[in-house]
Every structure is written in structure tokens, then in C-alpha cells.
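My entries follow the display.

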Amino acid sequence: MNPIVIIGSGHAGLTLARELRAKSSDVPLVVLSKEEICAYYKPNLSKALSMGKTPAQLIMKDASVLTKELNAKLIGRVEVQTIDHKARRVRYRTEQGEIHQLDYQALVLATGASPIQLPVEKSSSVPFLAINNVNDYRTFRNAIEGKKRVLIIGAGFVGCELASDLSGAGYEVQVVDKGQWPLQRAIPEVIGSTIKKAMAENGVQWHFGKTVEAAHWAGINQQTRAGKPVEVTLSDGTVLETDIIISAVGLKAETKLAIDAGLSVGQGIVIDSFSQTSQEHIYALGDCVQYEGSTMPFIAPATQSAKALAQTLTGTPTAFALPAMAVAVKISACPTVMWPSVKSRGVWEVQGAGMDLEAHFMDEHGSIIGFALTGACIAQKNVLSKRCLDEAARKNEAQSAEVTTNNLNLPNYRESIVAKTAML
Amino acid sequence: MSFRKYCCITCDTVYDEATGWPDEGIAPGTRWEDIPDDWTCPECSASKSDFYLMDA
């Protein structure tokens, strides 16, 4: 029997492998990854300093432990080159340049997302560090060793958490962002201003409404740059000095393989509620997917869909449930919890005072579709999460009732999925 | 019986029965078996069954 092949060894890929093994002791499993395969929790990368953990201590399980536990073949440091969906075969290349082929019964793309590179990074001789895996994190920790100043580009989740972690560890942190307040895409201005003020009191220097235009080694002699500071020029002409530059301007779903294989791809690899792509026997999970027009770049939906997909691939077709999306943003100066809305249209309703704020994101029907909480109001997390889930479920029910009456294809579609997995 | 600790297999978050999880509405001293089965990890949303008992 050909194996189930998973491409990617991040949270989505390894969670799926674990769930598959829990449901079937004998299904052959192969994990292919461009990284060295090990289990770690990626959100910890932006809080490891305050956790007092070294990069090595972030690794929960290495490849040998995982191989034994998952009873799977783990093939790290390879590049998957092509997917032949007709022959159900992938081709990959090892670091030594050997080409291998592998036939699959089902293929799962868990290729994740890669840091977006700013044009200025490409034209600059100064390194811009991006932290997207434990290997990047090791490079980052080596780079900041013995240094004092860090400049972060991007005030999103990763940028804010890193800024908090670094300032808590005694670094002088500057953050540059083209928006007006931290986490601007996920929270209203009043909450953003509160976080901004609290972090500034802890020493973070913000540069909002600006972009980085250039970065170069300070001093005339560009050759002897070791240990030299870096000068960063912003769009308004301000020149900042720093030791290290971190780029945290966002991620882009890794879709190249899927595009080359002819799968339907938008912002991410398009999937249905069974995690199936536009091609039979090929599924996708985690940061690389797009579902109902949105990407799902968080841990919770990846976990939920991995669990459902493990059921589907072992003979019980299961659509993934609406996941609880509440995420805590680790900002020590200002505890923050939010439920990022997948829809961008809505209105914020804010109440509270000082640092204790509660904001609801409401759609045009008056349903809550997201929230943001700071300070003491984070205690509202569970109550509001339940409201978001209940209202989303109600909307879904109303929608599927409509679909069943208007579109008789839905039951047929489910039957075809049952038939397909029975063949595996 | 002494209090036990359970660790999330996904994110390494530890549930300590002694301290409970007041932020999540779980009082100090709450036994693991008394936490509802549909409870999920507050950090990463893994299932209750994804936690393992830690060595004392």
C-alpha cells in the first residue's frame, strides 16, 4: 500500500501525522520537509527570551523520537519539486542533489507560509532577519548575542511579541510600521493606542506611518563591518541606528508546488471543508490554505482541520468544525487577547477605561464576529468566544439549509467523498 | 493524593491541578478528571486528550 505523504513538518503537518497514527496503527506515513524535522511550538519563538529558553530548549522532540512515536518515515532537508496528480507521485531532491520519486495514496500539502521580503531587503547589503522557524530563531539568537539594539519592521503579531520579548530582556527596541497603531488589521485604534502606550512605557520606541527606505553599515569602510552598527533611513528622512534588523512584515502562503501542479490557488491553496484541494487525493492544511476566500494563519484552525482530516483519511469523512479563534498576544506590558475576524467588514464597539478595554467587532446583522480585549477585560475571553462560535454556527446552519434546498449537489458531493476514501 | 501536572503535547503548556486555571474559570485544586472533555488548551486549542501526565 502506498503511503499517505505529508509535505511540511510544521504544526499542521506533524499534528496530522500524530492524529493519523492515533487512528490507524498500520497506515504507512511519510513526511517530507525542507527543514530539519523536529517538533516545536512556533508561537514560542516570539516569547522564548522571557520563557528563559534557548533555541535547543524549544525543541520538544527531535527526529529520532518522532520517527519512533509516529512510526513514520521522516525525510527532512529535501525539496519537493513536482506533484504528478495523475500518477499520484511526488518527486523530491535531497541536499546532495539526488532525485527520488514517491507514490502516494493521499497527499497533504502543509507547506506553511514564508516571510514576505520587502524590496529594500533585496537591495541592501545588511541582513534583515526573518524568524519563521526554529533554525531562523537560532540565527537570530546568535545575532543578538552581545548586542544592545534591535529594530523591528512590522507591528503585527510577531513584531509586537518580539518587541515585548526583547525589551523585557533589556534590549533597546525600535519598531517601524507603515500603519498608525500596533496590530492595526486586527484591533481598533483605541485598543492599539493602549498597547502602544503600555509598550512605550516599557521602553519600546515606535515609528508609525513610516517605511524603511534604506539600510547600510555605518562608517565609511564598508569592508570592516563586523560589530559595526547599522544605519536605517526611514521614508520621512529620519535616520535610526541599530545593531540588528528584524523583518516581520507578514507571511505569504507557500503555494508554488500547488500552482505548478495545477491546483486552484488564490491567496492560499483553495480547500473545501474536508481540507480537499481542487484535485482528488490532494489535501492542504494550515498556513498555506484558503478557505471560503480567507487564509487561516493561526494555530487553532490548523489543529482542528488536522484532526478532521485524519478522520477523513482513515475512512470517516469529517468536515472541520468552526475553530475557537481566540489568541493571546504575548505583550507583557499589556495583556491582550483577540479573536481576529476573517471578514474585514464590520464595526467596532468599544467599552471600558484605562488599560481595561473590551471591543466587539460586529457585522451588518449585529452579530459579533470578532473581539479584542486588554488588561482585566481578557477575563471575558471564554464568554465572548462562545458567542462568536454560537453566532457563526447559527449562520452556517441557516446557510446550509439554504444550500440543501437550492442545490441538490451537496449530498452527492459527500457521497463521492465517502466512495473515494473507501478506495484508499 | 498529591496534585498532578499535565502537559500539552502540542505547545508544552502545563496544567497544574494545584493552581488550576483561574483565567479559564478553572479553580485551584480542580482535578484533571473534573475538567470537561470538550475543554481545549487555552494556548493552542489542542484537545484535553492531547495532554499527558507529567512525571512527579
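**Ground rules**

I am working with a predicted model, where local features need pLDDT of at least 70, side-chain atom pairs count only at pLDDT 80 or more, and totals for chains, interfaces and linings use all residues. Residues are numbered from 1 along each chain as its sequence is written, chains are lettered from A and ligands numbered from 1 in the order in which they are written, and side-chain values use heavy atoms, with hydrogens and water left out.

**Entry 1: the interface of chain A and chain B**

I looked up the contact (heavy atoms within 4.5 Å) first. Chain A gives 18 residues to it and chain B gives 13 residues. Next I took the buried area, meaning the accessible area (1.4 Å probe) that two parts lose on being put together, summed over both. The two chains bury about 1300 Å² between them, with 38% of it on carbon and sulfur atoms. A:Arg18, A:Tyr41 and A:Met60 supply 37% of the area that chain A buries against chain B, more than any other three residues.

How many salt bridges does the rule find across the interface of chain A and chain B? The rule asks for a side-chain nitrogen of Lys or Arg within 4 Å of a carboxyl oxygen of Asp or Glu. It finds five across this interface. Over all chains, the search of the whole structure gives 22. A:Lys53 sits in the loop between helices H2 (48-51) and H3 (55-58) of chain A, and B:Asp12 in the loop between strands S1 (5-8) and S2 (14-16) of chain B, so the pair joins two chains. Helices (H or I, at least four residues) and strands (E, at least two) are DSSP runs, numbered from the N terminus.

I then checked B:Asp50, which forms a salt bridge with A:Lys307, their closest N and O atoms being 2.6 Å apart. On the chain A side, H1 (11-23), S4 (59-61), H10 (299-313) and H11 (381-406) each supply at least two residues that touch chain B. H10(A) gives the most, with five residues.

**Entry 2: the five-stranded sheet**

I traced an open sheet in chain A, ordered S5-S2-S1-S9-S21 with parallel pairing. Two strands pair if DSSP finds at least two bridges between them. S5 (73-75) and S21 (282-284) of chain A stand at the edges with a single partner strand each, so one side of each has no neighbour in the sheet. The twist averages 15° from one strand to the next. S2(A), residues 29-32, pairs with S5(A) over three bridges. A:Leu32 stands opposite A:Ile75 there. H10(A) packs on this sheet, touching S1 (4-7), S9 (106-109) and S21 of chain A, and its direction makes about 170° with that of S9(A). Axes are lines fitted to C-alpha atoms, for helices over the stretch in contact, and angles run from 0 to 180 degrees between N-to-C directions.

**Entry 3: H1(A) and H4(A)**

I looked up how H1(A) meets H4(A), residues 63-70: the axes come within 10 Å and cross at roughly 35°. A:Leu14, A:Ala17, A:Arg18 and A:Arg21 of H1(A) touch A:Leu66, A:Glu69 and A:Leu70 of H4(A).

S20(A) and S22(A), residues 289-291, pair in the parallel sense over three bridges. A:Ile271 has A:Tyr291 of S22(A) as its bridge partner.
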